[in-house]
Amino acid sequence: MAESVIKVRVEGELAYIVLNRPEKRNAINQAMLRAIPEALDEVDRPEVRAIIIYGEGQAFSAGIDFTSLANDTGAQGGHGGGPDMQHFRRFVAESQASLNRLESIEKPVIGALHGFVGGLGLELALACDARVAAAGARLGMPEVRIGLVPDVGGTTRLTRTVGYARSKELIMTARMIEASEAERIGLVNRVVAEGAHIAAAEELAREMARNAPIAVGLAKRIIDKGHGLDKMTFQELEVLAQSSLIGTEDFREGAAALAQRREPRFKGR
């Protein structure tokens, strides 16, 4: 995989996916978007119980790399002289698929955010299950300022995360907000001291990782798939998942550990 733009390492039960273009403030180009699913394939193994994503350097991500945008999207023009819309639609679809792959992995994914978290960078963070932000981080969707809209799941996930009114305000004003306000409106789960975001993400990841991994993965899928469904259909997803979990070795181990007042030893089966 393209290690020049994404670094991967595994330390025990935790895996790290690192945005590695610090000289560009981790601006996201097509190579990085294509490297994300490759990184997920690398860490999607039984011993990994949670994933942390963070950025090297001074920012989590400055958003899309505008210096490569024209080449990546076909905006320089097709055979007719205008933008190549077919190329552009393919680029956006591939970008959406990359973040959808991140969102759908059946492991907890924690975004450790610092510095600037804007545009496509925030869209990447929204595809995580939880977000921890360092004090001083600034988050927002500035796309309308240049005549575009958030198109890589940004409008969708931001609305699902903070609600209609707040997502409209953030997107339509292009305002960048401080980490403290992001926590207040539910855009990030917690704010920690500057420089402590990775350690705080590790703490949250380990708290999730100590639980039965199949159950954690299915709980994630129920929440993601059930959001927006009617109540009865949502509850049916719960029943279907539970009917699968009740027969697992992990459930028997969890019940035994509870009865014996000891820590469970889950195996993911």
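Before we start: two residues are in contact when heavy atoms of theirs lie within 4.5 Å. Keep in mind that this is a predicted model.

**Exercise 1. Work out which residues of α9 and α10 meet, and how the two helices are oriented.**

Step 1. Find the helices: α9 covers residues 213-226 and α10 covers residues 231-245.

Step 2. List the contacts. From α9 come Ile214, Ala215, Leu218, Ile222, Ile223, Lys225 and Gly226, and they meet Phe234, Leu237, Glu238, Ala241 and Leu245 of α10.

Step 3. Sort those residues by class: you get 9 nonpolar, 1 polar and 2 charged.

Step 4. Look at the geometry. The angle between the helices is about 165°, and their axes are 10 Å apart. Angles over 145 degrees count as roughly antiparallel, so α9 and α10 are roughly antiparallel to each other. Their crossing is right-handed.

**Exercise 2. Zoom in on Ser95: is it buried or exposed, and what does it touch?**

Step 1. Check its accessibility. Buried means under 20% relative accessible area, and Ser95 has 2%, so it is buried.

Step 2. Skip the neighbours within four places in sequence, and Ser95 is in contact with Leu33 and Val152.

Step 3. Now compare sequence with space. Ser95 and Asp151 are 56 residues apart along the chain, yet 9.1 Å apart from C-alpha to C-alpha.

**Exercise 3. Find the largest nonpolar core and describe one of its residues with the most contacts.**

Step 1. Start with a general idea: nonpolar side chains tend to be buried together in soluble globular proteins.

Step 2. Here the largest nonpolar core has 47 residues, and Ile6, Ile51, Leu139 and Leu187 have the most contacts inside it. Helix α1 gives the most to this core, with 7 residues.

Step 3. Apart from that core lies another, of 16 residues, including Ile52, Ala130, Ala200 and Leu204.

Step 4. Go back to Leu187. Beyond four places in sequence, its contacts are Leu122, Leu126, Arg131, Leu139, Leu158, Thr161, Val162, Ile177 and Ala182. Leu139 turns up here, and it is also among the core residues with the most contacts.

**Exercise 4. Where do Asn26 and Ala174 sit, and are they buried or exposed?**

Step 1. Asn26 is in the loop between β2 (14-19) and α1. Its phi is near 55°, a positive value in a residue other than glycine.

Step 2. Ala174 is in the loop between α6 (164-173) and β8 (176-178). Ala174 is not a glycine either, but has a positive phi of about 60°.

Step 3. Check accessibility: Asn26 counts as buried at 0%, and Ala174 counts as buried at 2%.

Terms used: Residues numbered from 1 in each chain as written. Predicted model: local features only at pLDDT ≥ 70, side-chain atom pairs only at ≥ 80, totals over all residues. Heavy atoms only, no water. Axes fitted to C-alpha atoms, helices over the stretch in contact; angles between N-to-C directions. Helix = DSSP H or I, 4+ residues; strand = E, 2+ residues; numbered from the N terminus. Parallel < 35°, antiparallel > 145°, perpendicular 65-115°, else oblique. Left-handed = near helix turned anticlockwise from the far one by under 90°. Nonpolar A, V, L, I, M, F, W, Y, C, P; charged D, E, K, R; others polar. Core = buried A, V, L, I, M, F, W, Y, C linked by side-chain atoms within 4.5 Å. Buried < 20%, exposed > 50% of the residue type's maximum accessible area, 1.4 Å probe, protein only.
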